[in-house]
Amino acid sequence: MSNEPKKERRWGDRRDGRRVKAPGLQTIMCYLWPYRTDCEVYLNDVIDATELLQYLEKRNAEHPEYRTTLFHAAVTGMARMVKERPLMNRFIQGYRMYERDEITISFVVKRRFADGAEESLMVLKPRDEDTLDSISQRIVGNVKETRKSEHATGGVDELLDKFAALPRFLLIPIVRIIRWLDFWGVNPKFLTEGDPNYTTILTSNLGSIQCPSVHHHLSNYGTNSIMITIGTLHKQEMLMADGTKEIRDVVDIGATLDERIADGFYFAKSLKLIKHIFAHPEMLELPLGEHSGLEY
């Protein structure tokens, strides 16, 4: 559980977010460009993962009972970034800006690495007391549980299967009603709980299937404002701080963001924190509720 007290809902709040007063420019942007897909900005970068890989190698040798991966570290880093950079936890819906009370990170799990294999949606809710240890164990446990079956066994996956089985003449009006409820923020919880379209960050570990990072589109449905893909780990020559060049282990990332939630300066500083975590992986041992100490 979060250490922060539960905030009371006010007039204009949604169940999944508190309404915040946006600056004039951002307010007008919500009306000029009301659709999230009209406001996508793309960010791609190469992050030096050499120190992080060395840290994980030592860690896994000391704790062979479970393996901590680069993806686990990246998810933990994303959670810390949102915790320290709260504007990254905002979203636009119904021409208004909201901020979530909790951090949620979602990703897709392939039940089998085979063509035609089903996928399952997974949502992680990091807590203030979480570290790389607890987040890694929760991801591993959830993935193992998901892969016990080749078919959806409940949650949003089973709900989607039921909707998809409806005839077209019923599905079209039902989806229109759902989108109307989404606009006004009154969708019932059973429709949004576990849905990655309603999470802070939707991420994809493309490196696990030997695929480079891509820029994935956002969706006008739901509240998700950030999509991050993690590409393949590879070697690349990097220019070091002292002016020398070294062959380093790097990973490329691609991010798609809703430009209305913050400005480019804020996005750049948020990326700086991710890079700092990769360069100083011991930070992953700190509880998320404890500030990193990074001077922005």
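**Basis and overall figures**

The model is predicted: local features need pLDDT of at least 70, side-chain atom pairs count only at pLDDT 80 or more, and totals for chains, interfaces and linings use all residues. Residues are numbered from 1 along each chain as its sequence is written, and side-chain values use heavy atoms, with hydrogens and water left out.

The protein chain has eight helices and nine strands. Helices (H or I, at least four residues) and strands (E, at least two) are DSSP runs numbered from the N terminus. Of its 296 residues, 46% count as buried. Buried means under 20% relative accessible area, exposed means over 50%, and partly exposed lies in between (1.4 Å probe, protein chains only). The chain exposes about 16,200 Å², of which carbon and sulfur atoms supply 56%. These areas come from the Shrake-Rupley method with a 1.4 Å probe; for residues, only the protein chains shown count as cover. A contact means heavy atoms within 4.5 Å. Among contacts between residues at least 6 apart in sequence, 70% join residues at least 24 apart.

**The sheet β1-β4-β3**

Three strands form an open sheet in the order β1-β4-β3, with antiparallel pairing. β1 and β3 stand at the edges with a single partner strand each, so one side of each is left without a neighbour in the sheet. Two strands count as paired if DSSP finds at least two bridges between them. Strands of a sheet pair through backbone hydrogen bonds, either parallel or antiparallel.

Strand β1 (residues 18–19) is joined to β4 over two bridges, and Arg-18 stands opposite Glu-99 of β4. Between β3 and β4 there are four bridges. Here Phe-91 stands opposite Tyr-98, and Ile-92 has Met-97 as its bridge partner. The two strands form a hairpin with two residues between them, and Gly-94 in the turn has a positive phi of about 65 degrees.

Both faces of β3 are covered: Arg-90 and Ile-92 on one side, and Phe-91 and Gln-93 on the other, are all buried.

**Helix α1**

Which residues of helix α1 (residues 24–32) are buried? They are Gln-26, Met-29 and Cys-30. The face turned away from the buried side carries the exposed residues Gly-24, Leu-25, Tyr-31 and Leu-32.

Ile-28 is also in α1 and is partly exposed at 47% relative accessibility. Together with Leu-32 and Trp-33, Ile-28 makes a nonpolar surface patch of about 310 Å². Patches are made of residues with over 30% relative accessible area and no salt bridge; like charges are joined within 9 Å, and nonpolar side chains (Val, Leu, Ile, Met, Phe, Trp, Tyr) within 5 Å.

**Salt bridges**

A search of the whole structure finds 19 salt bridges. A salt bridge is a side-chain nitrogen of Lys or Arg within 4 Å of a carboxyl oxygen of Asp or Glu. The table gives three of them.

| Pair | N to O distance | Relative accessible area |
|---|---|---|
| Arg-10 and Asp-13 | 3.4 Å | Arg-10 42%, Asp-13 10% |
| Arg-59 and Asp-133 | 2.2 Å | Arg-59 10%, Asp-133 33% |
| Glu-99 and Arg-90 | 2.8 Å | Glu-99 19%, Arg-90 14% |

Leaving aside neighbours within four places in sequence, Glu-51 is in contact with Arg-248, Phe-278, Ala-279 and Pro-281. Glu-51 and Pro-281 are 230 residues apart in sequence, yet their C-alpha atoms are 7.0 Å apart.

Is Asp-258 buried or exposed? Asp-258 is buried, with a relative accessible area of 0%, and its place is in strand β9 (residues 245–258). Not counting residues up to four places away in sequence, Asp-258 touches Arg-36, Cys-39, Ile-92, Leu-218, Ser-225 and Phe-267.
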